[in-house]
Amino acid sequence: RFIPVDLAAVRPASPQGSGMAASSSPLLRAKTLSKSVLRTALDAEATVAFNKELNAAQGKQERERLVGSAQVRIQEHLRVIRYDEDRIVGSDDAIKQAASCLRSLQHARYAHFAASQVCERRLELRAGRPPLGPRGRSLAPLDAPQEALQAQQQLLAQARAGLLAMEDRARRVLGDLEGVRGQLSKDAAQRRVAVEQDRAWVISLSSIPAASSSQAPPPPPPAQPAGLDARVSEAFGRHVLELEVAVRGLKAEAAAEVARLRDESGRAQARADEVLMRSVYALDDMGKQLKEQAKEVDHTVKHAERSLHETRKNLQRGDAVGAGKVKALEDLLADLRQSRKDLQEDIRLKSALLDIDERCRKVTPAMAAEKRGRAAGASSLANAKVGISSSPSSRVAFASPAGGRSRLGASSLGRSATVSFLGGRVAAGHAE
């Protein structure tokens, strides 16, 4: 501050005074002005120094305020980053559990598919049991093996549908976990960038000299990345916790369901195998009995024919009673021969049924898959032949200039058919 000086106080009273008064007046005025100037200079220096210290203190307070706000932001970012990292670790564990649950469900479905192939192959074999109808459909009555196989097929179809539904649930949970984990990773990465920017800004504030801080304003704080909201991050974290609980529940449910379906499928498979074995033993015993009976009938027919021949030779003319008995014997012998034919047909039928059930017992997943692959390969080859033969461009391409078929066209046709056939086999072999 400048202190005003009253110059009138040091001004001389009158210029008409004595010579001594006139000479002392400038001296007094000079002394007074000198003191006033010195006092004013000192006051000005003190004022400038005070203002400088005040500005430095205000600048320091402003820097401290800015640094404090930056430290608050940094601490908040670090807190949310730790929260995100904890939830990321939990989501990684949940993702592993969900993937493991999905693989176990797929393996269980593959195992049921192998059993389903065996069951379908057995039903295909038993569909050819005699007697056959006009369209090649079996007219044989429904027996215990057929009922067991149909029940097993229905059980396996229901198990497959249930496992597919649980696989869809596991895939949805896995997709949600991966999406939320990506959001948490993005949030944590943006917050790390913001922390580094705030720290660099704090260092730049600390490196500003105190003398220049009062003259130039401090640099503005760095812009925060868009979309950073602690509430959104916490909502993602809560969603991850919910998904972790859902994964644990799904894993326990899947393990229980797989165990239950394995037990039920095993019991159905064991029942079908047992019923088929009993059917094979019963048909074998019945076939043996029928063959023994056929031998007995053959022996009886031979004995009756020999007896009838002797009786005819000894029959006298006019013996009506004897002739009637001979006629009755001939009728009985004809019925016995017809019964022998029926026995032979029954033996053939039982032998065919025994062969079919025996083949059903020997069906394995590899045999069923091979049969299915051959069927798919044959259909692919037939489709390839039909497509080649019906395409006019193929006929033009394989025609030689001389009017005949070129060797190149024939070899290309053979290779394409071979590739189609192999492709069908590979596709059928890797189905499911």
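**Entry 1: cysteines**

I searched the whole structure for disulfides and found zero, counting as a disulfide a pair of cysteine sulfur atoms within 2.5 Å. The model is predicted, so I used local features only at pLDDT of at least 70 and side-chain atom pairs only at pLDDT 80 or more, while totals for chains, interfaces and linings use all residues. Residues are numbered from 1 along each chain as its sequence is written, and side-chain values use heavy atoms, with hydrogens and water left out.

**Entry 2: glutamine 146**

I placed glutamine 146 in helix α2, residues 144-206; helices here are DSSP runs (H or I, at least four residues; strands are E, at least two), numbered from the N terminus. Is glutamine 146 buried or exposed? Its relative accessible area is 12%, so I noted glutamine 146 as buried.

Leaving aside residues up to four places away in sequence, I listed Leu123, Arg126 and Arg129 as the residues that glutamine 146 touches, where contact means heavy atoms within 4.5 Å. With arginine 126 there is also a polar contact between the two side chains, at 2.9 Å. For a polar contact I required a pair of N or O atoms within 3.5 Å; within protein, one must be able to donate a hydrogen and the other to accept it, and residues adjacent in sequence count only if both atoms are side-chain atoms.

**Entry 3: salt bridges**

How many salt bridges does the structure hold? I noted 29, a salt bridge being a side-chain nitrogen of Lys or Arg within 4 Å of a carboxyl oxygen of Asp or Glu.

One of them joins aspartate 92 to arginine 181, with the closest N and O atoms 2.4 Å apart. Because aspartate 92 lies in helix α1 (residues 19-126) and arginine 181 in helix α2, this pair ties together parts that are 89 residues apart in sequence. Aspartate 92 is partly exposed at 25% relative accessible area, and arginine 181 is partly exposed at 27%.

Within helix α2, I looked at arginine 171 and aspartate 168, which are three residues apart, about one turn of the helix.

**Entry 4: helix α5**

I checked the span of helix α5 (residues 320-361), for which 42 residues at 1.5 Å a residue should give 62 Å, and the end C-alpha atoms, 60 Å apart, agree with this. The expected span is 1.5 Å times one less than the number of residues. Among the buried residues of α5 I listed Gly322, Val326, Leu333, Arg340 and Cys360.

In helix α5, glutamate 345 forms a salt bridge with arginine 348, the closest N and O atoms being 2.4 Å apart, and about one helical turn separates the two, as they are three residues apart. Glutamate 345 is partly exposed at 43%, and arginine 348 is partly exposed at 45%.

Methods: Buried < 20%, exposed > 50% of the residue type's maximum accessible area, 1.4 Å probe, protein only.
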